[in-house]
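Have the model open alongside as you read.

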Amino acid sequence: MMRLDTQDIVNITRKQIAAIFKMEPLELRFVNDFQGEQYLLTNDKLHLSNQHYWAKVMECIFDNHTRPVLMCEVLYFLRNEFLESDIKLRFSYDFAEGADGEAVAWAEVSFNDSPELQPGEIAELIDFALSLQDKQWFEELTSKYKQLTA
C-alpha cells in the first residue's frame with residue numbers, strides 16, 4: 001500500500017487536469033463552502049471520503065475561468081495515475097480556527113499484486129529463495145505452501 005499526502009494529491013490533480021483539458025492550471029485551491037453539507041460537521045471538523053463523490057473539494061483556476069473539482073474527479077485522476085489500484089481518498093477540513101478551515105487530503109493506494117500461485121510454482125520459488133539465502137521470503141513462501149497443501 002502507498003500513502004499519498006496533500007501535496008501529492010494536488011500535484012497529481014494538476015498534472016491530470018493539464019493533460020486532460022490541455023490547459024495548465026494557474027492554481028488549485030481547496031474550497032470550504034459546504035453549506036448544504038452542515039450535517040457532515042463533527043466538532044468543527046468535516047471529513048469527506050469516497051462515498052462523498054459529489055462534493056466539490058477544490059477549485060481549478062485557469063487564465064480566464066474557474067472550474068470546480070469534485071471528489072469523483074480527484075478519484076478519477078488518481079486512478080489514471082495508478083492503474084489497477086484501489087484508492088481510498090479522504091479530505092478533512094478543520095474549522096476550529098474559523099471559516100477558513102485548513103484542508104488536508106490523503107489517499108491510500110492499494111495494488112492487487114498478490115497473484116494466485118499454484119503449489120508447484122510456490123515450490124519453485126521456495127527453491128529460488130533458498131538459493132538466494134533469503135530467510136524471510138523462504139518462510140513466507142513455506143507458510144503459503146503449507147496453507148495451499150493442507
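I looked up the contact of H3 with H4 (heavy atoms within 4.5 Å). From H3, Pro119, Ile122, Ala123, Leu125, Ile126, Phe128, Ala129, Leu130 and Leu132 meet Trp137, Phe138, Leu141, Thr142, Lys144, Tyr145, Leu148 and Thr149 of H4. I sorted these residues into 14 nonpolar, two polar and one charged, with Ala, Val, Leu, Ile, Met, Phe, Trp, Tyr, Cys and Pro as nonpolar, Asp, Glu, Lys and Arg as charged, and the others, Gly among them, as polar.

A note on the source: this is a predicted model, where local features need pLDDT of at least 70 and side-chain atom pairs count only at pLDDT 80 or more, while totals for chains, interfaces and linings use all residues. Residues are numbered from 1 along each chain as its sequence is written, and side-chain values use heavy atoms, leaving out hydrogens and water.

Next I checked the geometry. The axes (lines fitted to C-alpha atoms over the stretch in contact, with angles from 0 to 180 degrees between N-to-C directions) of H3, residues 119-132, and H4, residues 135-149, come within 9 Å and cross at roughly 160°. H3 and H4 are therefore roughly antiparallel, the term for angles over 145 degrees.

**Strands**

I then turned to the strands (DSSP runs of E, at least two residues; helices are runs of H or I, at least four). Strand E4 (residues 45-48) runs antiparallel to E7 (residues 85-94), joined by four bridges; pairing needs at least two. Here Leu48 is opposite Phe91. E7 also pairs antiparallel with E8 (residues 102-111), over 10 bridges, and there I found Arg90 partnered with Trp106 of E8.

Key:
Angles under 35 degrees count as roughly parallel, over 145 as roughly antiparallel, 65 to 115 as roughly perpendicular and the rest as oblique.
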